[in-house]
Amino acid sequence: MITAVDTSVLLDVFAADPAHVEASQRALRRVIHEGAIIVCDVVLAELRPWFATREACLEALETLGATFVPSGRDAALTAGEAWRAYRRSGGKCDHLIPDFLVASHAKHHAERLLTRDRGFYRRWFKGLSVMEPA
């Protein structure tokens, strides 16, 4: 099984967030045991500031066994379409295009998304399997 991992879960682990680190570590162990994990362009960009060097960022992902998979044209277009629907339905700017890109990447390139963002992804990406750290 291929699992796309959202930035929130990775930062819980890499930054040792006391509120979420244990649940996110358990969830990562589970998805690694069940198959491959991937990250998209947005996740890589959001992780980069937390590391002193590019190499350190890439090494941390490699240690987890995460593979970078670019989003691609279809995922980008799907993200834009979902964001337009979100805004037209009255959605505020709480969720920006990067959130939609992460979900669309997962829908196009993985079988599920591991994230702490409850409900939002399920609502705007019907059929996307969402797993939350518990």
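Modeller: One term to begin with: two strands pair if DSSP finds at least two bridges between them. Keep in mind that this is a predicted model.
Colleague: OK. Over how many bridges do β1 and β2 pair, and in which sense?
Modeller: Three bridges, in the parallel sense. Take Ile2 as an example: its bridge partner in β2 is Ala36.
Colleague: And what joins β1 to β4?
Modeller: Three bridges join β1, residues 2-5, to β4, residues 112-114. These two strands run parallel. Thr3 stands opposite Arg112 in β4. For Val5, the bridge partner in β4 is Leu114.
Colleague: Zoom out for me. What is the strand order in the sheet?
Modeller: The order is β3-β2-β1-β4-β5. That is an open sheet of five strands, with parallel pairing.
Colleague: Which strands stand at the edges?
Modeller: β3 (66-68) and β5 (130-131). Each has a single partner strand, so one side of each has no neighbour in the sheet.
Colleague: Which strands does α6 lie across?
Modeller: α6 lies across β1, β2 (36-39) and β4. Its angle to β4 is about 140°.
Colleague: Let's switch to the core. Which residues touch the most other members of the largest nonpolar core?
Modeller: Leu10, Leu28, Leu47, Phe100, Leu114, Tyr121 and Leu128. That core has 39 residues. Helix α6, residues 97-109, supplies the largest share of this core, with five residues.
Colleague: New topic: Ser24. Where is Ser24?
Modeller: In helix α2, which covers residues 21-34.
Colleague: Is Ser24 buried or exposed?
Modeller: Buried, because its relative accessibility is 0%. The cut-off for buried is under 20%.
Colleague: What does the side chain of Ser24 make a polar contact with?
Modeller: The side chain of Asp12, at 2.6 Å.
Colleague: Which residues is Ser24 in contact with, leaving aside neighbours within four places in sequence?
Modeller: Asp12 again, along with Val9, Val13 and Pro133.

Notes. Residues numbered from 1 in each chain as written. Predicted model: local features only at pLDDT ≥ 70, side-chain atom pairs only at ≥ 80, totals over all residues. Heavy atoms only, no water. Core = buried A, V, L, I, M, F, W, Y, C linked by side-chain atoms within 4.5 Å. Buried < 20%, exposed > 50% of the residue type's maximum accessible area, 1.4 Å probe, protein only. Helix = DSSP H or I, 4+ residues; strand = E, 2+ residues; numbered from the N terminus. Contact = heavy atoms within 4.5 Å. Axes fitted to C-alpha atoms, helices over the stretch in contact; angles between N-to-C directions. Polar contact = N/O pair within 3.5 Å; in protein donor to acceptor, adjacent residues only side chain to side chain.
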